[in-house]
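Notebook open. I want to look up a few helix contacts and a few single residues here.

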Amino acid sequence: MTRTDRQRWLLPSHLVEPGGAGSARPRRTVRDWVVDILVFLLAALFGLVAIDASSRYTSDPVNLTDQIVGALACCSLWLRRRRPRGLAAVLAVVGALVPAAAGAMLAALFSVAVRRPFRDIAWIVALALAGALVTVFVRPDPETGKALGIVLGVALTLLVTAWGMLVRARRQLVEALRERAERAESEAELRAVQAQRLAREAIAREMHDVLAHRLTLLSVHAGALEFRPDAPPEQVARAAGVIRDSAHDALQDLREIIGVLRAPGEEGGGDRPQPTLATLGELVGESREAGMRVVLDSTVDDPGAVPAATGRTVYRIAQEGLTNARKHAPGAEVTVTLSGRPGDGLTVEVRNPAPAGPVPHVPGSGQGLIGLSERAALAGGRFDHGPTPGGGFALTAWLPWPP
């Protein structure tokens, strides 16, 4: 994950990207420079205290050597990010002989405990503990007993190691939480993309169901005008009126569906009411006006009591059945049967006999049936379709109707 410049200086170098192409390791951030300077100053302060204490009972040459070695040990801490284990091992040996390097040794031990698991640094910790014991006997402090010196040396070594391991565990926890947050964000984006794709597929099915019915009405009446140019003026006017109304309704339905794709806050969204079971009679009336022979056989006493989602699905199934009958069996009588009651479910069937003559192939046939199968499945129902024994065709759907 790319960090902004504002965040980069607050983070350790291992949490940001490498400084450039081909870099062997990340560059120090501002935070790293501050930490390294503080570690250097603390190690130097610790060394100065140790030199001041040892100068009381050591000769000048030994004291000068301690100062030089202690300064070199503190300066070597600038390499602790590149060679943490090697530096800690060397300073553990040096610190056993030179008390002025003890501060640098503890800083290097802390750094290696932060960057490596304990199984990789156990031997360095053991070496540092051994160095603490050797210091008591090689460079004893007359003002401090050996027992107290051993306790202080071991305690400081273990305390610094434990502190480094605690910082390492915290960094691992933060890194795990960061990766989990990034993964959750990626999954949320994928879910949003998938939801958008599913919504577009649903809109495409809705557009097919709505417009196919309107456009077939236009096709039927336009064909009638084409093949009956000598029709009475009343029939021509009636067919033209149906064509005009169907085109207007098709545009309204298309505007309503496309309105779903508008961004939030945009005006122009569709405000027409969604079809329900109560408007099934209007659908049948439109088909009859278009010249179809449609029989509606319904035993549902109160269509308004049917849930809106279920009624809308029944409406679309009947609409698709009438559209298919108009395209594939023109002139045949279509029967729409509706039955059911609360608790038993709702059954709708659209049946038509075989066409009277040959019917030309209609492009795109079968796509609406796929959409109806998905609609019924999403509503928790079943959908069947297929030819009847007499050469006709039937659509049957069962949808749940809660008691």
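Below are my entries, helix pairs before single residues.

**Ground rules.** I'm working with a predicted model, where local features need pLDDT of at least 70 and side-chain atom pairs count only at pLDDT 80 or more, while totals for chains, interfaces and linings use all residues. Residues are numbered from 1 along each chain as its sequence is written, and side-chain values use heavy atoms, with hydrogens and water left out.

**Entry: α2 and α3.** I looked up helix α2 (residues 30-54) against helix α3 (residues 60-75) and found a packing angle of about 170 degrees, with the axes 10 Å apart. Helices here are DSSP runs (H or I, at least four residues), numbered from the N terminus. The axes are lines fitted to C-alpha atoms over the stretch in contact, and angles run from 0 to 180 degrees between N-to-C directions. So α2 and α3 are roughly antiparallel, a label for angles over 145 degrees. On the α2 side, I noted F40, A43, A44, I51 and S54 in the contact; on the α3 side, N63, D66, Q67, C74 and C75. Contact means heavy atoms within 4.5 Å. I sorted the residues of this contact into six nonpolar, three polar and one charged. For that sorting, Ala, Val, Leu, Ile, Met, Phe, Trp, Tyr, Cys and Pro count as nonpolar, Asp, Glu, Lys and Arg as charged, and the others, Gly among them, as polar.

**Entry: V69.** I stayed in α3, where V69 sits. Buried means under 20% relative accessible area and exposed over 50%, with partly exposed in between (1.4 Å probe, protein chains only). Skipping neighbours within four places in sequence, I found V69 in contact with V94 and V98. V69 and G95 are 26 residues apart in sequence, and their C-alpha atoms are 9.5 Å apart in space.

**Entry: α5 and α6.** Next I checked helix α5 (residues 102-115) and helix α6 (residues 118-138), whose axes come within 11 Å and cross at roughly 160 degrees. That makes α5 and α6 roughly antiparallel, therefore. Which residues meet? I listed M105, L109, V112 and A113 from α5, and I121, I124, V125 and A128 from α6. The tally for this contact is eight nonpolar, no polar and no charged.

**Entry: α9.** Last, I looked at helix α9 (residues 280-289), where L280, L283, V284 and S287 are buried. These cover an arc of only 95 degrees around the axis, so they lie on the same side of α9. The arc is that of the directions from the helix axis to the C-beta atoms. After α9 comes G291, with a positive phi near 100 degrees.

Definitions and conventions
Helix = DSSP H or I, 4+ residues; strand = E, 2+ residues; numbered from the N terminus. Parallel < 35°, antiparallel > 145°, perpendicular 65-115°, else oblique.
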